Amino acid sequence: MRGEPCRLSNFVGRVSKSDTHGMKPMQRILLDTDTGVDDALAILLALNSPELRVEAITSVSGNVHVNLCTRNLLMTLEAMGLSEYPICAKGESQPLVKPLVTAAHVHGSDGLGDVTQLLRDDGSRLYPDPKPRVAAIPAVDLIIDLAGQYPDELVLVPVGPLTNIAKAIIKHPARMRRIREIVLMGGAFETYGNVTTTAEFNIFADPHAAQLVLDFGVPVTVVPLDVTHQVILTGKHLDAEIGERGDRLSQFLRDVTRATMEYHQSNERFYGTYIHDALPIGLLTHPEFFETVEAFVQVETSSDLTQGMTIADLRSERPRPKPNAQVCVGVNAETFLQHFFDRILQLN
């Protein structure tokens, strides 16, 4: 999906005077996303977090093909009614080694809850294709450029497969070593996976990229299913928070989450959805909501039975190898979920 170059915006969320009073310096982040339903929610939260300066958002194949992920990213930004956009760049279409796998059965055929199939009374699409606000620079090169522009400052927040990050490391390791931190959503340690019994989707989709990132030596924080499965957005809660609001964003939230809520109703017997990818954003802005431990994390890349499995000994009483990551092991789910609504609906 190509379009007009998009200049780097100064947009960093809606910041009020009360938000900035006594606030710590904003963290520069690059959000890397395979924009499905929970990715869209993470984008909304990131751009409404005054603690963060979203320097760019990049797309990658994962939940659906990167062409759809890029469109979904732009569609999400349009739903916010922004006057300015962060720079957006299209990323890699295929994993490093294995064939592409997607999760359209969860996120809808379009990757965004099938909102592109919704029609108005006159037969026109409720969510037409967005304007092509995609930079000419590929995502991998943009990541490298921003790492050089903001050495020791930029935080990468990949909430999809790690293909773009791994490709950037391969292409320019010296510059990528100046990344401040990588905070990723992925993995499953003491819980079942959501693709196989042992593997979470983002890691399963490109396990070789995940292992390369963990081996690289830049500080990594992993937010796995163990924690994200504790935060469930139910349809009842969403309706209660939105109430009678009839604005564009509230309608988008209802429409974009409906298909995944129906999926979980059919498969897990609750009408709701996990908001996996929003949690790394919350961890950056409100670490007090979370608990993390140091761990040595490895990824299974070859086994037919356990490919994509993330392995780490999280037991505090056991001797462990030198850690290569922080693993999130706990979250105050109720507090985080209310914070999520407060931010994206601008309740405070």
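Predicted model: local features only at pLDDT ≥ 70, side-chain atom pairs only at ≥ 80, totals over all residues.
Helix 5 spans residues 139-149. Its buried residues are A139, V140, L142, I143, I144, L146 and A147. An α-helix has 3.6 residues a turn, so residues three or four places apart point the same way.

The buried residues of helix 5 pack against both strands and helices. The strands are strand 1 (27-33), strand 2 (52-59), strand 3 (87-89) and strand 4 (155-158). The helices are helix 6 (163-171) and helix 7 (173-176).

## Aromatic pairs

A pair of aromatic rings is described by the distance of the centres and the angle of the planes. Across the whole structure, a search finds 4 aromatic pairs. One of them joins F290 and F336, with 5.9 Å from centre to centre and 65° between the planes, an edge-to-face arrangement. Because F290 belongs to strand 9 (residues 290-295) and F336 to helix 14 (residues 333-344), this pair ties together parts that are 46 residues apart in sequence. Both F290 and F336 are buried.

F340 and F341 also form a pair. The centres of their rings are 5.6 Å apart and the planes stand at 70°, so this pair is edge-to-face. F340 and F341 are both buried.

## Charges over rings

Two further contacts involve a charged side chain and a ring. The charged end of K98 sits over the ring of F204, at 3.6 Å from the ring centre. In the other contact, the ring of Y85 has the charged end of R133 over it, 4.3 Å from its centre.

Methods:
Residues numbered from 1 in each chain as written. Heavy atoms only, no water. Buried < 20%, exposed > 50% of the residue type's maximum accessible area, 1.4 Å probe, protein only. Helix = DSSP H or I, 4+ residues; strand = E, 2+ residues; numbered from the N terminus. Contact = heavy atoms within 4.5 Å. Phe/Tyr/Trp six-rings, centres within 6.5 Å; stacked < 30°, edge-to-face > 60°. Lys NZ or Arg CZ within 6 Å of the ring centre and 35° of its normal.
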